[in-house]
Amino acid sequence: MASNKDTGARPATLSRRVRDPRTIEGNELLAAECLGTLLLVFFGVGSVVLASEYIGTLGIALAFGLVLLALAYALGDVSGCHVNPAVTLGMLLAKRIDLHLAVRYWVAQVVGAILGALLLFLVAKQVPGIDTDETFGSNGFGDRSAVHINTFGAFVAEIVLTFLLVFVVLSVTHRLAVTGFDGLPIGMALAVVHLVGIPLTGTSVNPARSIGPALFAGGAALTQLWLFIVAPLVGAALAALAHNLTHPAGLGTGHGPKPEEAY
């Protein structure tokens, strides 16, 4: 927990104590990650499947960014609101989470994404004219890309897009939890990567987000799924490496206590 050695009163914005997710008992960590990923997939991918004709690329980008922003405030001090295996990998490599907890997070995130996609699939089937075969908000390249980006281009794009998201998450958070205004730049980063990535690959930057819809889309969505699992994880690893160089141990974020004082 935060140190009480100082004799002066710490400002209210810095004195708020958040629980270290590694000390929380029970299943609330996994429930938070599962539910958060479910909602991210349902509303984010749902904006593609159900509303893209009406809101366009900007609307889809905002839908992903705003739902993540809302979830960051709702779940940030419970599980850290990763809702993304790539973010969890970044936290693992940055030594903010141990391997055992990371694996549990990954399982909860994938289960949540599948449940979110299932719920969206059930809703989509009630709307006449919506085709879910090989589409359903899944990611793709080649003839499944709006600009027909090739495999290499898609791989590089997903690495760079994920790099930005995970680098921002690592840079603005204190250890594992999302507190204060941390959710704002994270939501903005996700919106920005969607603005760039939607024409290229539909934007994954999140293996769980890609797995859920692909299972219900089938066909080429499944055969191309490997790229949207591997590339985001590579991007996350590079982001963790870059973060260690730009934010060495003991360096605060500039808007709160140093990482070791966060709990």
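**Close-up 1. Residues where helix α3 meets helix α5.** In this predicted model, A86, V87, G90 and M91 of α3 meet T162, V166, V169 and L170 of α5.

**Close-up 2. The crossing of α3 and α5.** Two packed helices are described by the angle between their axes and the distance between the axes. Helix α3 covers residues 85–93, and helix α5 covers residues 151–172. Their axes come within 10 Å. They cross at roughly 50°. That angle makes α3 oblique to α5. The crossing of α3 past α5 is right-handed.

**Close-up 3. S171 in helix α5.** S171 lies in α5. Is S171 buried or exposed? Its relative accessibility is 12%, so S171 counts as buried; the cut-off for buried is under 20%. Which backbone oxygen does the side chain of S171 reach? It is that of F167, at 2.7 Å.

**Close-up 4. N84 in the loop between α2 and α3.** Helix α2 spans 28–75, and N84 sits in the loop between α2 and α3. The relative accessible area of N84 is 3%, so N84 is buried. Which residues is N84 in contact with, leaving aside its neighbours within four places in sequence? They are Q109, L165, V205, N206 and P207.

Terms used:
Residues numbered from 1 in each chain as written. Predicted model: local features only at pLDDT ≥ 70, side-chain atom pairs only at ≥ 80, totals over all residues. Heavy atoms only, no water. Axes fitted to C-alpha atoms, helices over the stretch in contact; angles between N-to-C directions. Helix = DSSP H or I, 4+ residues; strand = E, 2+ residues; numbered from the N terminus. Parallel < 35°, antiparallel > 145°, perpendicular 65-115°, else oblique. Left-handed = near helix turned anticlockwise from the far one by under 90°. Contact = heavy atoms within 4.5 Å. Buried < 20%, exposed > 50% of the residue type's maximum accessible area, 1.4 Å probe, protein only. Polar contact = N/O pair within 3.5 Å; in protein donor to acceptor, adjacent residues only side chain to side chain.
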